[in-house]
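Please read the following walk through one protein chain with the model open beside it.

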Amino acid sequence: MSPGKQASESNASPPMAAGARLEKMRRRVRLSRLALFTAIAAGPVALGVAVMSGPTTVAAAPSDKPTAVRSAAAAADPAGYAQVFVDAWLRSSADEANSAQARLAQSLAPDVDLPDPVASARPKPAAVTAVRSAQRGDGEWAVTVAAQYGDGRLRYFVVPVTADASGASFTVTGAPGAVAGPARAAVGKSPYGVSAPSDGDLSLAVGEFFGAYLTGAGEVDRYVAPGVKLSPVYPAPYTAVAVQRVSAVEEAAAATKVPSDGTAVHVLVQVEARDSSGRWPLRYELTLKARSGRWEVAALESGTAQDGGAR
């Protein structure tokens, strides 16, 4: 073989390798889509498992370096899978191994025995929620699940779960273990150390805003800063709202009158809302700014960047 031909083949090799890697990426994407569509056709439980397993993430590297493929499943959290299993396991019985709940529990954990409660005393959980996930090793997880019963009892179980290398599949590998609930975390000092006067302009502005936001009494746009959009809760859930307390970070909130334009304060508002079924204590964090002698809402801290955004 001539040197020129050898050089030509050597130069052609990298594009071929890159094309092979690209084809592998496309194949993974097609398989992920196929799995999702199959889960939708199979029903809600299968769809839930597909969503909880998470898609595979492919990171494309520059063409002159090896392609880096990172599976999101390597860190996929099987909390939802464990939650579904514990709910089915607590509702099943070894005496009724062919029931829907028993079959579901066995499909999620083939090697785990079903419970055998007394027939006359089979309390069913009102709600089951995963509260903590801890990764023990490569593909090995311990998920803590809380089961709440109608009589107010709350029990916690830890469930061992294994994820496969791709993270597309999970299996419960052992029976749940009853454990103590998580301890309460220490709470730091609140930054809202300044009290706003209940009869001051700030508290009055906050009250008018929540009257529109929660009861539909007036237009919300009247109480927000220019350029800020805050959609009211719809349909209005309450018939009356009263501001109980307004605390702020900045000293400017302690003034009874509105300060100079552009002054901003961050406040914590305790609200009492009422409807036909009773009284509801609510809590909100707001950012307000002074403009033209009035306070206007600049942001509502909701945890999501929507309608004015979380600050």
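The paragraphs below describe the fold and its side-chain contacts.

This is a predicted model, in which local features need pLDDT of at least 70 and side-chain atom pairs count only at pLDDT 80 or more, while totals for chains, interfaces and linings use all residues. Residues are numbered from 1 along each chain as its sequence is written, and side-chain values use heavy atoms, with hydrogens and water left out.

The chain has 5 helices and 10 strands; these are DSSP runs, H or I of at least four residues for helices and E of at least two for strands, numbered from the N terminus. Of its 311 residues, 31% count as buried. Buried means under 20% relative accessible area, exposed means over 50%, and partly exposed lies in between, with a 1.4 Å probe and protein chains only. The chain exposes about 18200 Å², and carbon and sulfur atoms supply 54% of that area. Accessible areas come from the Shrake-Rupley method with a 1.4 Å probe, and for residues only the protein chains shown count as cover. Contact means heavy atoms within 4.5 Å. Among contacts between residues at least 6 apart in sequence, 49% join residues at least 24 apart.

Next comes the sheet. Five strands form an open sheet in the order β6-β7-β8-β9-β10, with antiparallel pairing. β6 (194-195) and β10 stand at the edges with a single partner strand each, so one side of each is left without a neighbour in the sheet. Two strands are taken to pair if DSSP finds at least two bridges between them. β7 and β8 are joined antiparallel by 8 bridges, and A240 has R274 in β8 as its bridge partner. β8 and β9 form a hairpin with 2 residues between them. The antiparallel pair β9 and β10 has 7 bridges, and E285 has E301 in β10 as its bridge partner.

Which residues have the most contacts inside the largest nonpolar core? They are L202, F209, F210, V267, L286 and L288, in a core of 34 residues. The elements giving two or more residues to this core are α5 (201-215), β7 (240-248), β8 (264-275), β9 (278-291) and β10 (294-301). α5 supplies the largest share, 8 residues. A nonpolar core is a set of buried Ala, Val, Leu, Ile, Met, Phe, Trp, Tyr and Cys residues joined through side-chain atoms within 4.5 Å. In soluble globular proteins, nonpolar side chains tend to be buried together. Leaving aside residues up to four places away in sequence, F209 touches V220, Y223, V224, L230, L286 and V297. A second, separate core has 27 residues, including A76, Y81, A105 and L114.

A105 also belongs to helix α4 (residues 100-108), where A102, A105 and L108 are buried. These three cover an arc of only 130° around the axis, which puts them on the same side of α4. The arc is that of the directions from the helix axis to the C-beta atoms. An α-helix has 3.6 residues a turn, so residues three or four places apart point the same way. The buried residues of α4 pack against α3 (79-90) and β4 (170-172).

The structure holds 7 salt bridges, each defined as a side-chain nitrogen of Lys or Arg within 4 Å of a carboxyl oxygen of Asp or Glu. E296 and R291 meet in one of them at 2.9 Å, N to O. E296 counts as buried because its relative accessibility is 2%, whereas R291 is partly exposed at 37%. E272 forms a salt bridge with R279, with the closest N and O atoms 3.7 Å apart. At 17% relative accessibility E272 counts as buried, and R279, at 45%, counts as partly exposed. E272, R274 and R279 are linked in a network of salt bridges. R153 pairs with D151 in a further salt bridge, the closest N and O atoms being 3.0 Å apart. There, R153 is partly exposed at 36% relative accessibility, and D151 is exposed at 56%.
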